Each structure stands twice: as structure tokens, then as C-alpha cells.
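This briefing covers a ligand shell, a strand sheet and a helix pair. Please consult the sequence and structure below.

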Amino acid sequence: MIQHEIRVQHTFCRICEVLCGLEITTEGNEIISVTPDRRHIATKGFACPKGLKQHHLYSSPDRIKYPMKREGSEWSRISWKQALEEIGSKVRRIRDDFHPNAIGMYVGTAAGFSVLHPVFAQGFMTAIGSANMFSSSTQDCSNKFAVASEMYGFPFTQPFPDLQRIACLIIVGANPMISKWSFLQVPNPKEKLQSIVERGGKLYHIDPRKTETAKIGGEHLFIRPGTDLFFYLSFLNEVIKRDGVKKAHVARYMTGFEALAAIAMEWPAEKTAQVTGIEPARLKIMVSDYLSANGAALYCSTGVNMGSHGSLAFWIQECINAVTGNLDRFGGTLVSKGIIDFPKFGKKNNLLTRTVLSRVGNCRSVNDAFPGGILADEILTPGKEKIRALFVTGGNPLITMPDSGRLRDAFKELDLLVALDILPTETVSMAHYALPCTTPLERPDLPFIFPLMLGLQGQPYLQATRAIVQPDGEQRDEASIYLDLCRHSGIDLFGSGFAQHLLQWFSKNRNYGGCKHPEIPQEGMLNLLLRVCGQSGFTTLLKYPQGRLRPPHKENFLAKRMVTTDKKVNLAPGILIEASGSLEQHFQKEVADANRFKLITKRAVKTHNSWTHNFKEFVREPDHTNYLYMSSTDAFDLGLCDGDLVDVTSETAAVRLPMQICDDLGPKTVALPHGWGHQHSGLKVARRTKGVNVNILAASGPSKIDRVSGMALLTGILVNITKADGSQDDHSWSGLP
Ligand code: SF4
């Protein structure tokens, strides 16, 4: 019997923004266990079940190990050579016969957790000359990028709350206990939030549901879904009335206050209470607490981002933090620096600052990507630039995008659909080619762009990891695949022959099924990135297996690091002022719909987006489905009991699923977890779950998205709820065979 070496290696998780330090025990090339790294300098032994069980997801028998080709309903294994030659020749033909924009790409969240993957994916699209990039950010966070571009001059300038020192934190539409923080890397949300309360600080939660986070401590106020904007406007109204604006500070560092104030003064708390449900007296106490605190911040996440008017709401939030002097101060919000001054670098090199308009609907691009909500339109609308070929990289749009039923129909029209993934998701199942990729644990890496280039971390640090195990088939890293796709498509990465040839020259040729293909020197590339940014190299960083501290945050953003033309924060960007012109109309619509149900999303700790449903332990009974949650009062009014089957109908579609009573929800608010509905995938465990895809209820198309940011409306959707025939034990409702 062969004895394999047992090793303990240090790395970090790349599933969510916490990037928990992990200790991984391997025997030969097999992962035996994953445990939290207690000595990690930032995460200090914090981790969650998803990160600790991720190796089971990756070792699934469903894993894509070889390039695969679909003809009709039949999949067959092919060589890398065949896959690349066939895809390359189709790319050439479509580009030559139609237009470079006839080739599109969708980049999913998983791609963003690697450093090289998104860079090389963009390099491939630039090589093609196509502007048709789409990304998952228009599902959950593009409003923040769009607003930051307008206010701070760069999309990635994202102030975050200084949780260590804050004296008053108001969390709006966020649930860090389950989803962790977003646009901020901080472990152990429970400990951080409890410590605010323990040191006498104020903690508020504004949410349509009393979330797991709200139960930790502080005060929770219910808000009607989709009315956050009116809450923020009244908050600012009250700040102004109480003379809470630091006028000299605003005059020195900001412009546009008068125009902003003119809008806010139209929305007193007494007026907006009609739609938000927040009593004016309670809002005023909260404003008092905020203004009297020695450091305060409003913080929001997906509940605001994905709802109606996410851009306007985030804009007003940022303005409140700014005009009260809480932006760029310890205990308020901080704007950190990564390993370079990325906004300065981006502005200088015109990186991520272009805005172009889409062919269909004239929708703006944000961060060089168009709204996912118009992808189906771009495929279905005739024309030379109609998308005929689509690359999907690290994402599963058929579950995560709005109106995914329509998107599925659109995908059937494609001449070429190529998916780069690790598992046969529902998107992969529709692809013509599936290209097998490495998992996070099979590649070297640095922390992704937010901590690395922007320092969005409670405690700034840097860490490097080697690949922990090697792929057991012909899986390749995405950067190498895109380099090779360029070669076979007759184009050069980033349109640069020099870059293409240099990278090919430095790549090691590896044997994949009898043919040699380049594997880029990933560690060498990461090393180069570190060196160019003035850091010590990758190998040096590996000597700090639990991370190495970087200099602490500073309060120098307003005085020294603004990149707007006049070096001031723009409190009244034209596009947002223009969008606020229809506030009264939105308000009247909310008044008219006050008695209708609104649907919000919800997440469980073991299910992350659409990624983790293929592991039995995460989805076994009773968690084999998602449920519609509803308060007992609303259920009583509708004559419903726990476990009843219900139909949830939006303007777009309907789903049928069992309901459960949840008295954490506010009135006329129902919740349905997203990421489910895998019955059309090749995932053997996930496809046996009964959950439904909530995103088929969301609308798509240019008229249905936020014009500022391209965000789809994925929470706060108006729905009707009716009792359906049958029981939850009867599988027929779920689309299962
Ligand atoms: S919280 Fe969980 S999923 Fe997120 S990085 Fe840590 S272990 Fe990974």
C-alpha cells in the first residue's frame, strides 16, 4: 500500500469577502480536512460551514474534469485541442461575418474572487474588440459603483464603517451574521457588533425582517421593502433641520450641498412614514443618536442595492455620512488604500472610468459592463451586433439573473455558448462547450481586488497562497484558457501581440490528453503584480502563512486622495439629481401599492448564491427546498397554515412552493431565499432538491432596470400570494421527475 505524505498547509477561503484563514490537511493530493486557522492575523480562527466543507463540493463526482461538447442532448468528452480549435474557429467566423460585439461575455461572482481570472477574461474580450461584457454586479452591487463614480470620481472608491471605533452604526438592508459584510473584509460579525453595544455605542437595524443580525443587539425598525430611499431622505431632512451639517467642512471638501438639501427638504419624516412604516419619533431619536455620537455611519448592502432606487438610496446615504463629517474619520467611514492608490492609477490610465451605451435600450455601462437585465434583449434583438456567441465564466446566470426563464429561451438562440466552470450548473447544461477549470484550492492566489487594490479591510494585511492540491483531470486555470483561446481565435490578449507572445513564451507547456497547451506562470504573474506595486514578492509573502500586516488606515482621503476634477466630493451629480425628479411619482406608487405583498430575498448560512446546493449535508431534509416565509398575521388573513403550498405570482412569472410561518417579517412582506431551482442542471444532489428559482419572478429588459446603475429589481418585488392545491410532500409541484 502506497503511503502518502500528510501535510498541513495554510491558505484562505475564496467563497466570500471574509477570506477566512484556513489550515488544510492533505494526504498526497487529497484534502482530508479544512479547519479555521486560529493564528491568522485577521480572521483569528473564524470560519463558517461553507468554507470548512468546500473540498466536498470540489470533489463531487459531478466535477467537470475534461473539455466537453454537447450535441443535442448528448455530451461527449473531447480533447483541449478540439475544443479550442472549434471554439476559436467559431469566434473568428462570427467576428468576421457580423461584428466583434456579436461575441459577449458574462462574468460571475466566482471569477471576482481570483486575481488573474477577471483580468484575462477582460483581455480576451478586448482582443475580440467587443464591448458586450456583462457581470453579476448588476445583480447585487452596481449601484455602489455607479454612485461612487459620480461622487468620488472612481467606482471603486468605497468608504466603509470603521467598526473598531464606531459609536453609532445604522445597518440598512444588510445581514452580516449570514452574508457577512460586503465591500468590507471583517470576520466574526457577531463579535464586532456586540462590542459596539458593550462599549455603549448605538446600533440600529433597518430591515423588513428582524434578521439574525438584528437579534444580536441594538434596536430593530421594520421598513416596508423598497422604501429605503424615503427613509434616507427623511434622515437627511432631519439632519439639516437640526443643524447637523458641518458647514465649514462641507464648504472645504464638497460641492453641490444646496441642490442636495433642496431635494431632502421635500421629504420630512411625517410624510415618508406613510410608505416606510417608520414612526417619525423613532427616526428622530435615531438621528439624534447619530449626530451626538463620536463617530457614526449608515451602512447598507444588498437589501438596498437590489431594491427599487438602489442608486438614489446609496447616494443619499453617502451624502449623510459626508455632510455630517463622518466620511474619512476614525469611528465613521474610512477610505483605505490597497497595495497601490488604485483610484489614482485608474484615473490616470482611464481604467474603469468609461461609460458607453448599449445597443438595446441605451443603457449605461458601469465598470465596463452592461446590465445583466438586458442580456436576453441583446441576444434576441436582430442586428449585426446581436450577440450570437456568449462566454460564461465563473457564473450561473440562468439561476442568478432576473427573468431567467426568458434568458433560457434567449440562450437557445445562441450559435455558440461556452461555459468555463467547475461543475455542470444549469448554464453549463445549456452550453455547447464546457471547459473544465481549477477550484480556488487548486490555484495560487492573492486576496481579490477589494482587499488587495483598495484595502477594504477592517485590518489591512496581505497574504499569498500556493495551490493546495493539483487537479485530477484536465482542468486548467482560466487565465491560461483565455490566453489559449486568443491564440486559437487568431487574436492577441488585450489586443497586444507583445503581451500574447510574451505570456506564451513564459508559459510552461503542459500535456493535456496528449496535446501540449500553455499554462501561464501564475505565481510569477502574481509576483510581478506585487513587485510593480512596490511590495515584496510572492515567495517572500509565503513566509507569512497567516498573513502579513500592512500599514493601518489613515484619515487622508478628503485632503489628499480625491480624484474628481476639482478634488471635492460631488454631493449633487447631474445624473442623480435628474433621477430624483420622479421621486413624487415613486412615492405615490408606494402609497397606491401599500396593501400589496412585497417579496424580499433571504439567505441561509449553508447556501451561498447558487454555489453550495450540490452537497448533501447542506441541503438534506428539511432544507431540501426553499420556502416562502410569511408572518402569522398575514398567513391567517390568507387562510394559510405552515407547510401549505402557495403560488407566488409577479408581473413576470409564478412559482409554487411550500410556505412557513416566520414572525420576523413585517406586514405584507414575504421572503424567498434565492439560489435554488437546480432541476435543469447536471448536479446530481442539487437537481434532487425541490427549491424554486425566485429570480424568474424578476423582470428584465431596458425599461425594468435602474437607469443609473443597470441594477435589476431583485428584492421588494410586488407579488400576489394564493393557496395552491397539493401538499409539500407531493414532488410534482417542484418540477422534479
Ligand atoms: S465566512 Fe465562510 S465562506 Fe466566507 S470566507 Fe469565511 S469560511 Fe469562507
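Angles under 35 degrees count as roughly parallel, over 145 as roughly antiparallel, 65 to 115 as roughly perpendicular and the rest as oblique. This is a predicted model, in which local features need pLDDT of at least 70, side-chain atom pairs count only at pLDDT 80 or more, and totals for chains, interfaces and linings use all residues. Residues are numbered from 1 along each chain as its sequence is written, and side-chain values use heavy atoms, with hydrogens and water left out.

**Helix pair**
- Helix α10 (residues 228-241) and helix α29 (residues 583-592) pack at an angle of about 120°, with axes 11 Å apart; axes are lines fitted to C-alpha atoms, for helices over the stretch in contact, and angles run from 0 to 180 degrees between N-to-C directions.
- The two helices, α10 and α29, are therefore oblique to each other.
- In the contact (heavy atoms within 4.5 Å), L229, F230 and L233 of α10 meet L583, H586, F587 and E590 of α29.

**Sheet**
- An open sheet of mixed pairing has seven strands in the order β5-β4-β17-β16-β15-β6-β7; helices (H or I, at least four residues) and strands (E, at least two) are DSSP runs, numbered from the N terminus, and two strands pair if DSSP finds at least two bridges between them.
- The edge strands, β5 (74-77) and β7 (133-135), each pair on one side only.
- From one strand to the next, the twist averages 20°.
- Strands β4 (residues 68-71) and β17 (residues 433-436) run antiparallel and are joined by two bridges, with M68 opposite A434 in β17.

**Ligand shell**
- Residues around the ligand include C13, C16, C20, C48, K50 and K180, each with a heavy atom within 4 Å of it.
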